[in-house]
Amino acid sequence: MRAGVIQVNMFKAPFSFNGRIRRTEYGLSCIILWGISTIFNLFIMFMTMGNTELYLIILLISYIPMFWFSWAQGAKRCHDLGNSGWYQLIPFYVLWMLFQDGEAGENQYGLNPKGVGNETSYDDQINEIGKSLDS
C-alpha cells in the first residue's frame, strides 16, 4: 500500500471487540473520541445550565456508547500487538498502543491489518482450497 492512502476497511466495525486495527485507526479513534466528548460535554453543559443533576444524568447516559467505542478500539489495538484486550487497563499502556508497531503476519486474533507478513497466511489458505476435494 502506498503512503498517504487510507485503507477502505478503516472503522469497519468500530464497536466490535474482534479483530485487529492499526496505529492509525487507533490514533484517529482517540482524536475523534476526544473531539466528540468535548463538544458534547460543552453542548450538554449549556443546555442544562444550572441543573447539575440533569447534566450528570445526560452526560452519563451519553458517555456509554463513547466508552464502548473506546474499549472496543483499545481491545482491537491490543490484539494487533498480540495481547488480550485487558492489557489496556495497564496504566500508560495507551502510549504503547499508540507508538508500537503491530505483530507482522497472522496472530490468534486475525491477519495483520497492515498486510505485512500476511503472504504466508494467504498461501496457506489458497493451498487448503482444493484439499477437501482431493480426498
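A residue is called buried when its relative accessible area is under 20%, and exposed when that area is over 50%. The model is predicted, and the points below are grouped by topic.

**A buried loop residue**
- N112 is found in the loop between α3 (93-99) and α4 (119-129), and because its relative accessible area is 7%, N112 is buried.
- The side chain of N112 reaches the backbone nitrogen of K114, at 2.9 Å.
- When neighbours within four places in sequence are left aside, the residues in contact with N112 are R20, D80, E103, A104, G105 and N118.

**Nonpolar cores**
- The largest nonpolar core has seven residues, namely L33, I44, Y55, L59, Y63, M66 and F69, and both α1 (23-47) and α2 supply at least two residues of this core.
- The most is given by α2, with five residues of this core.
- L59, one of the residues of the largest core, is in contact with N41 and I44 once its neighbours within four places in sequence are left aside.
- Another core, of six residues, lies apart from the largest one and has I21, Y26, C78 and M97 among its residues.

**A nonpolar surface patch**
- On the surface, F15, F17, F67, W68, W71, W86 and L89 form a nonpolar patch, and together these residues have about 820 Å² of accessible area.
- W86, one of the residues of this patch, is found in the loop between α2 (52-80) and α3, and W86 is exposed because its relative accessible area is 67%.

Conventions. Residues numbered from 1 in each chain as written. Predicted model: local features only at pLDDT ≥ 70, side-chain atom pairs only at ≥ 80, totals over all residues. Heavy atoms only, no water. Patch = residues over 30% accessible without salt bridge, like charges linked within 9 Å, V, L, I, M, F, W, Y side chains within 5 Å. Areas by Shrake-Rupley, 256 points an atom, 1.4 Å probe, with all protein chains shown as cover. Salt bridge = Lys/Arg side-chain N within 4 Å of Asp/Glu carboxyl O. Helix = DSSP H or I, 4+ residues; strand = E, 2+ residues; numbered from the N terminus. Buried < 20%, exposed > 50% of the residue type's maximum accessible area, 1.4 Å probe, protein only. Polar contact = N/O pair within 3.5 Å; in protein donor to acceptor, adjacent residues only side chain to side chain. Contact = heavy atoms within 4.5 Å. Core = buried A, V, L, I, M, F, W, Y, C linked by side-chain atoms within 4.5 Å.
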